[in-house]
Amino acid sequence: MAAIWGMFDRIEADSQGTRWVHIKAVVSGGTTIRVRALIGKQTTVARGIDRVDLSDLRAGEPIEVSYRHSCDGYLEADTIYVQPQRTAVG
(Lines give C-alpha, C1' and ligand atoms only; values in the text may rest on other atoms or scores of the structure.)
Protein backbone atom coordinates (compact mmCIF):
# COMPACT_ATOMS: atom_id res chain seq x y z
CA MET A 1 0.00 0.00 0.00
CA ALA A 2 1.35 3.43 -0.90
CA ALA A 3 1.78 6.10 1.78
CA ILE A 4 2.73 9.75 2.17
CA TRP A 5 4.43 11.09 5.30
CA GLY A 6 4.27 14.76 6.15
CA MET A 7 2.60 17.40 8.26
CA PHE A 8 -1.15 17.80 8.51
CA ASP A 9 -2.20 21.09 6.95
CA ARG A 10 -6.01 21.18 6.89
CA ILE A 11 -9.30 19.52 5.95
CA GLU A 12 -11.20 21.07 3.07
CA ALA A 13 -14.76 20.43 1.90
CA ASP A 14 -15.89 21.28 -1.62
CA SER A 15 -19.33 22.51 -2.70
CA GLN A 16 -20.67 18.92 -2.89
CA GLY A 17 -19.54 18.06 0.63
CA THR A 18 -16.56 15.95 -0.44
CA ARG A 19 -13.77 16.26 2.13
CA TRP A 20 -10.04 16.36 1.42
CA VAL A 21 -7.02 16.11 3.71
CA HIS A 22 -4.11 18.42 2.81
CA ILE A 23 -0.57 17.28 3.62
CA LYS A 24 2.74 19.16 3.40
CA ALA A 25 5.60 16.78 2.64
CA VAL A 26 9.31 17.39 2.16
CA VAL A 27 10.90 15.49 -0.71
CA SER A 28 14.53 15.07 -1.73
CA GLY A 29 16.45 18.31 -1.98
CA GLY A 30 14.34 19.90 0.75
CA THR A 31 11.49 20.79 -1.61
CA THR A 32 8.08 21.03 0.06
CA ILE A 33 5.09 19.69 -1.84
CA ARG A 34 1.41 19.85 -0.98
CA VAL A 35 -0.74 16.79 -1.55
CA ARG A 36 -4.46 16.36 -1.08
CA ALA A 37 -6.28 13.09 -0.68
CA LEU A 38 -9.98 12.35 -0.79
CA ILE A 39 -11.50 11.30 2.54
CA GLY A 40 -13.99 8.51 1.88
CA LYS A 41 -16.65 6.92 4.06
CA GLN A 42 -14.27 4.05 4.86
CA THR A 43 -11.23 6.23 5.74
CA THR A 44 -9.89 5.40 9.21
CA VAL A 45 -8.41 8.23 11.29
CA ALA A 46 -6.29 7.23 14.28
CA ARG A 47 -3.85 8.72 16.78
CA GLY A 48 -1.73 5.94 18.18
CA ILE A 49 -4.12 3.02 18.65
CA ASP A 50 -7.19 5.19 19.24
CA ARG A 51 -9.63 6.24 16.53
CA VAL A 52 -10.19 9.99 16.45
CA ASP A 53 -12.47 12.39 14.63
CA LEU A 54 -11.14 14.57 11.82
CA SER A 55 -11.91 17.63 13.92
CA ASP A 56 -9.30 16.42 16.45
CA LEU A 57 -6.43 16.87 13.98
CA ARG A 58 -4.22 19.93 14.44
CA ALA A 59 -2.16 21.77 11.84
CA GLY A 60 1.49 20.80 11.96
CA GLU A 61 0.96 17.32 13.40
CA PRO A 62 3.08 14.61 11.74
CA ILE A 63 0.84 12.22 9.82
CA GLU A 64 1.03 9.22 7.54
CA VAL A 65 -1.66 8.80 4.90
CA SER A 66 -2.00 5.43 3.21
CA TYR A 67 -3.90 5.75 -0.03
CA ARG A 68 -5.04 4.17 -3.26
CA HIS A 69 -5.95 5.67 -6.61
CA SER A 70 -9.71 6.13 -7.02
CA CYS A 71 -11.47 5.42 -10.28
CA ASP A 72 -11.55 9.19 -10.96
CA GLY A 73 -7.75 9.45 -10.71
CA TYR A 74 -7.67 11.02 -7.23
CA LEU A 75 -5.70 9.82 -4.23
CA GLU A 76 -8.22 8.31 -1.84
CA ALA A 77 -7.11 8.04 1.81
CA ASP A 78 -7.49 4.60 3.38
CA THR A 79 -5.90 5.49 6.71
CA ILE A 80 -4.84 8.79 8.26
CA TYR A 81 -2.46 7.98 11.10
CA VAL A 82 -1.38 10.76 13.46
CA GLN A 83 1.64 10.15 15.63
CA PRO A 84 0.62 10.23 19.30
CA GLN A 85 1.98 13.06 21.45
CA ARG A 86 5.17 12.13 23.21
CA THR A 87 5.31 12.99 26.89
CA ALA A 88 8.46 13.98 28.70
CA VAL A 89 9.72 11.55 31.32
CA GLY A 90 11.48 13.11 34.22
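**Salt bridges and strand pairing**

Seven salt bridges turn up in a search of the whole structure. The structure is a predicted model. Side chains of opposite charge can pair when their charged atoms come close.

**Aspartate 9 and arginine 34**

- Aspartate 9 and arginine 34 form a salt bridge through their side chains, with an N to O distance of 3.2 Å.
- This pair links distant parts of the chain, since aspartate 9 belongs to strand 1 (residues 2–13) and arginine 34 to strand 3 (residues 31–47), 25 residues apart.
- Aspartate 9 has a relative accessible area of 17% and is therefore buried, the cut-off being under 20%.
- Arginine 34 is exposed, because its relative accessibility of 59% is over 50%.

**Glutamate 61 and arginine 58**

- A salt bridge joins glutamate 61 to arginine 58, and their closest N and O atoms are 3.2 Å apart.
- Glutamate 61 is buried, with 5% relative accessible area.
- Arginine 58 is partly exposed, at 41% relative accessibility.

**Aspartate 78 and arginine 68**

- The side chains of aspartate 78 and arginine 68 meet in a salt bridge at 2.8 Å, N to O.
- Aspartate 78 counts as buried because its relative accessible area, 19%, is under 20%.
- Arginine 68 is partly exposed, with a relative accessibility of 40%.

**Pairing of strand 1**

- Strand 1 pairs with strand 5 in the antiparallel sense, over six bridges.
- Which residue in strand 5 is the bridge partner of alanine 3? The partner is serine 66.
- Strand 1 is also joined to strand 2 (residues 19–27) by six bridges, and these two strands run antiparallel.
- Isoleucine 11 has valine 21, in strand 2, as its bridge partner.
- Five residues lie between the strands in the hairpin of strand 1 and strand 2, where glycine 17 takes a positive phi near 90°.

How values were computed. Residues are numbered from 1 along each chain as its sequence is written. This is a predicted model: local features need pLDDT of at least 70, side-chain atom pairs count only at pLDDT 80 or more; totals for chains, interfaces and linings use all residues. Side-chain values use heavy atoms; hydrogens and water are left out. A salt bridge is a side-chain nitrogen of Lys or Arg within 4 Å of a carboxyl oxygen of Asp or Glu. Helices (H or I, at least four residues) and strands (E, at least two) are DSSP runs, numbered from the N terminus. Buried means under 20% relative accessible area, exposed over 50%, partly exposed in between (1.4 Å probe, protein chains only). Two strands pair if DSSP finds at least two bridges between them.
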